[in-house]
Amino acid sequence: MLSWASRTLVAAMSTMTRKPEVLFVLGGPGAGKGTVCGKIVKKYGYVHLSAGDLLREERAKPGSKFGELIESHIRNGTIVPVKITCSLLDRAMQNSEVSHNKYLIDGFPRNQDNLKGWTQDMAEKVDLKGVLFFDVSEEVCTKRCLGRGATSGRSDDNLESLKKRHHTYINDTMPIVDHYKKLGLVYTFNGEKSPGAVFKAVEQVLTKIGW
Ligand code: UP5
Ligand code: MG
């Protein structure tokens with residue numbers, strides 16, 4: 001029989017050696033990915049890594065050699081090369097000091113290049129628990145982002161960029177969602193419900209996967 005101290009040590013060591021558990025969070029531009037992640041962080045304290053936020057932070061760094069490239073992709077709603085995004089995600093995971101090992105990766109992977117890069121560089125380092133997918137019509141997404149555009153300061157919250165972002169979502173990101181659907185990993189939510197109702201449905205899935 002192990003003493004309390006030994007059991008505590010074993011538990012701590014298992015947390016340190018376990019692979020990080022990851023949930024991908026996908027959906028159209030303005031589907032509510034960031035909003036639901038914020039609610040999960042507030043209640044459960046898990047780590048929220050928004051690929052878009054990390055790219056915007058990198059773009060804003062003085063002297064960043066990727067700043068212009070990132071801005072051009074964001075404005076045009078196209079996808080930044082995966083080497084850049086994956087290295088930002090990897091670094092952010094390594095820099096987060098957590099005991100629970102649970103990570104929400106928001107807005108990634110969004111095309112075949114992302115999927116290939118993730119599979120090559122990251123997939124073996126983590127335990128992918130599933131994909132939270134928020135289904136919201138283009139009309140509702142556009143309305144939300146244009147509303148947010150009044151105060152967000154985001155260079156892609158305008159009608160022209162939104163049309164391009166939606167095009168990329170349908171053509172490039174939906175095949176990735178379908179790929180994970182075939183693996184039985186996707187949990188789909190009606191993202192047009194109220195934020196509270198969406199979160200409630202998400203919590204049921206978190207319980208199901210043992211989060
Ligand atoms: N809102 C949210 N939920 C609501 C609800 N249930 N009911 C009513 N309103 C709701 O929400 C958007 C707005 O809707 C907010 O005003 C919110 O209050 C309201 P938010 O939670 O921000 O939605 P989200 O899905 O996070 O929208 P976001 O605009 O962030 O989605 P995108 O996927 O377009 O943006 P992201 O930041 O992920 O990417 C931006 C760009 O970065 C991409 O287009 C691409 O160019 C680049 N990128 C890459 O190249 N690679 C990556 O891996 C990631 C990004
Ligand atoms: Mg977001």
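**Notes on the predicted model: sheet, helices and ligand site**

1. Ile40 belongs to helix H2, and because its relative accessibility is 0%, it counts as buried. Glu203 is 163 residues away from Ile40 in sequence, yet their C-alpha atoms are 8.3 Å apart in space.

2. Next, the sheet. Its 5 strands run in the order S2-S3-S1-S4-S5, the sheet is open, and the pairing is parallel. Strand S2 (47–50) and strand S5 (186–190) are at the edges with a single partner strand each, so one side of each has no neighbour in the sheet. From one strand to the next, the twist averages 20 degrees.

3. Helix H2 (residues 33–44) touches S1, S2, strand S3 (102–106) and S4, and its direction makes about 165 degrees with that of S3. Helix H3 (residues 51–60) touches S2 and S3, and its direction makes about 65 degrees with that of S2.

4. How is strand S1 paired with S4, and over how many bridges? S1 (residues 21–27) and S4 (residues 127–135) pair in the parallel sense over 7 bridges. Within this pairing, Phe24 stands opposite Val131 and Leu26 stands opposite Phe133. With S3, S1 also pairs in the parallel sense, over 5 bridges; there, Val22 stands opposite Tyr103.

5. Is S1 enclosed or open to the outside? Of its 7 residues, 7 are buried, so the strand is largely enclosed by the rest of the structure. In a regular strand, side chains alternate between the two faces of the sheet. Both faces of S1 are covered: Glu21, Leu23, Val25 and Gly27 are buried on one side, and Val22, Phe24 and Leu26 are buried on the other.

6. With 14 residues at 1.5 Å a residue, H5 should span 20 Å, and its end C-alpha atoms are 20 Å apart, which agrees. Its buried residues are Val82, Ile84, Thr85, Cys86, Leu88, Leu89, Asp90, Ala92 and Met93. The cover over these buried residues includes S1, S2, H3, helix H4 (67–76), S3 and helix H6 (112–121).

7. Val126 sits in the loop between H6 and S4. Its relative accessible area is 7%, and a residue under 20% counts as buried, so Val126 is buried. Not counting residues up to four places away in sequence, Val126 touches Lys19, Pro20, Val22, Met93 and Trp118. Among these, Val22 is one of the buried residues of S1, and Met93 is one of the buried residues of H5. Thr142 is 16 residues from Val126 along the chain, and their C-alpha atoms are separated by 34 Å.

8. Two backbone details deserve a look. Most residues other than glycine have a negative phi, and most peptide bonds are trans. Asn101 has a positive phi, near 70 degrees, and is not a glycine. Asn101 is placed in the loop between H5 and S3 and, at 8% relative accessibility, counts as buried. The other detail is the cis peptide bond that joins Phe108 and Pro109, with omega about 0 degrees; Pro109 is in the loop between S3 and H6.

9. In the loop between H3 and H4 you will find Ser64, which counts as buried at 19% relative accessibility. A polar atom of the Ser64 side chain lies 3.2 Å from the backbone nitrogen of Phe66.

10. Finally, the ligand. Which residues are closest to ligand 1? Of the 31 residues that surround ligand 1, the closest are Thr35, Thr78, Val80, Arg148 and Arg165. On the polar side, an oxygen atom of ligand 1 is 3.4 Å from a polar backbone atom of His73, and an oxygen atom of the ligand is 3.3 Å from a polar backbone atom of Gly107. A nitrogen atom of ligand 1 is 3.2 Å from an N or O atom in the Arg144 side chain.

Notes: Residues numbered from 1 in each chain as written. Chains lettered and ligands numbered in written order. Predicted model: local features only at pLDDT ≥ 70, side-chain atom pairs only at ≥ 80, totals over all residues. Heavy atoms only, no water. Pairing = 2+ DSSP bridges. Helix = DSSP H or I, 4+ residues; strand = E, 2+ residues; numbered from the N terminus. Axes fitted to C-alpha atoms, helices over the stretch in contact; angles between N-to-C directions. Contact = heavy atoms within 4.5 Å. Expected span 1.5 Å × (residues − 1). Buried < 20%, exposed > 50% of the residue type's maximum accessible area, 1.4 Å probe, protein only. Near = heavy atom within 4 Å. Polar contact = N/O pair within 3.5 Å; in protein donor to acceptor, adjacent residues only side chain to side chain.
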